[in-house]
Amino acid sequence: MTELSGPDAGRAEPLLCLRRVETAYGTSQALFGVDLDIHAGECVALLGRNGMGKSTTVKTIMGLLRLRGGDVRWRGRSLRQFGAHQIARAGLGLVPEGRRVFPNLSVRENLLATARGPSRRGPCWSLDDIYGMFPRLREREQNLGCHLSGGEQQMLAIGRALMTNPELLILDEATEGLAPLVRGDIWRCIELLKRRGLALLVIDKNLGPLLRVADRHYILEKGMVVWRGTSQALQARPELVRDYIGM
Ligand SMILES: Nc1ncnc2c1ncn2[C@@H]1O[C@H](COP(=O)(O)OP(=O)(O)OP(=O)(O)O)[C@@H](O)[C@H]1O
Ligand SMILES: [Mg+2]
């Protein structure tokens, strides 16, 4: 099998490139030819109402759902033949919907469970870096995942994904169900990661912060991309927000 972390196959290509991606749950098709690009250092938002295919797109990228058609390319190489573990090791980090921290491991153990050596290209995250970004996690270092608040679990889920030293971080509803103050902490963290040059794919129900932080947006409707463009272009089209995002 080809080594995924080998030299670039196509430098001109975006970091991540989806072409005509189709995914199904059994006989029920959820994605109908999704095209999406993310360039190095770019922050891209994936928008759309409930059930439109945002999480399905993310799971397909991460190899958690099988591609039914089309292709996902990472640095110019098709990910078709690779499993979820290999895809994660290639530099794609996921903060999944619902957080999913290990409930019976401490904060420290959760962070170390996914820790990996530095990638050739990405920044290298240490425990101290994560605690520097989220001081609350240092205070809770010995507490079990199941004893954390929702906000602390979300910080831990982000920290855990960063400990894999990703080049692209995907956040699926990272501020969902959090108090406004904690939401603010998560947005500040996302902005910091962007400033550090990490490529980001962000799914969130809060359009205001997304318009500020994202370079480009894709709107999904019933498993299809119906619009793509910059924050400025989206702000000029309030009917898109009304019809397809409903925020
Ligand atoms: N495990 C599953 N089995 C069958 N169908 C599913 C499954 N998960 C999602 N779907 C269906 O696939 C479609 C896309 O769902 P998806 O979870 O990707 O939406 P979403 O845009 O992430 O929505 P939300 O904003 O609610 O998270 C929906 O019609 C949904 O009912
Ligand atoms: Mg979802």
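This briefing describes the sheet, the ligand sites and selected residues of the structure above.

The model is predicted: local features need pLDDT of at least 70, side-chain atom pairs count only at pLDDT 80 or more, and totals for chains, interfaces and linings use all residues. Residues are numbered from 1 along each chain as its sequence is written, chains are lettered from A and ligands numbered from 1 in the order in which they are written, and side-chain values use heavy atoms, with hydrogens and water left out. Helices (H or I, at least four residues) and strands (E, at least two) are DSSP runs numbered from the N terminus.

**Magnesium site**

- The magnesium ion (ligand 2) has Ser-55 (OG) and Glu-97 (OE) as its protein donors, at 2.0 to 2.5 Å.
- Ser-55 belongs to helix α1 (residues 54-61) and Glu-97 to the loop between β6 (92-95) and α3 (107-113), so the pair ties together parts that are 42 residues apart in sequence.
- Donors are N, O and S atoms within 2.8 Å of the metal (3.2 Å for Na, K and Ca); water is not among the atoms, so sites may look incomplete.
- Ser-55 counts as buried, at 15% relative accessibility, whereas Glu-97 is partly exposed with a relative accessible area of 37%.
- Buried means under 20% relative accessible area, exposed over 50%, and partly exposed in between (1.4 Å probe, protein chains only).

**Ligand 1**

- Ligand 1 has 13 residues around it, of which Gly-51, Lys-54, Ser-55, Thr-56 and Glu-97 come nearest; a residue is near a molecule or strand if one of its heavy atoms lies within 4 Å of it.

**Sheet and packing helices**

- An open sheet of 6 strands runs in the order β6-β7-β8-β3-β9-β10, with mixed pairing; two strands pair if DSSP finds at least two bridges between them.
- Its edge strands are β6 and β10 (224-230), each pairing on one side only.
- From one strand to the next, the twist averages 15°.
- Axes are lines fitted to C-alpha atoms, for helices over the stretch in contact, and angles run from 0 to 180 degrees between N-to-C directions.
- Strands β3 (residues 43-47) and β9 (residues 216-221) are paired in the parallel sense over 4 bridges, and Leu-46 has Tyr-218 as its bridge partner in β9.
- Helix α6 (residues 150-162) packs on the sheet, where it touches β6 and β7 (168-172), and its direction makes about 170° with that of β6.
- Helix α10 (residues 238-245) also packs on the sheet, touching β3, β9 and β10, with a direction at about 40° to that of β9.
- Contact means heavy atoms within 4.5 Å.

- Thr-57 is placed in helix α1 and counts as buried at 1% relative accessibility.
- Not counting residues up to four places away in sequence, Thr-57 touches Leu-18, Leu-31, Leu-46 and Leu-220.

**Positive phi angles**

- Arg-75, although not a glycine, has a positive phi of about 50°; Arg-75 is in the loop between β4 (69-74) and β5 (77-78) and counts as buried at 17% relative accessibility.
- Asn-165 is a residue other than glycine with a positive phi near 55°; Asn-165 is in the loop between α6 and β7 and counts as buried at 0% relative accessibility.
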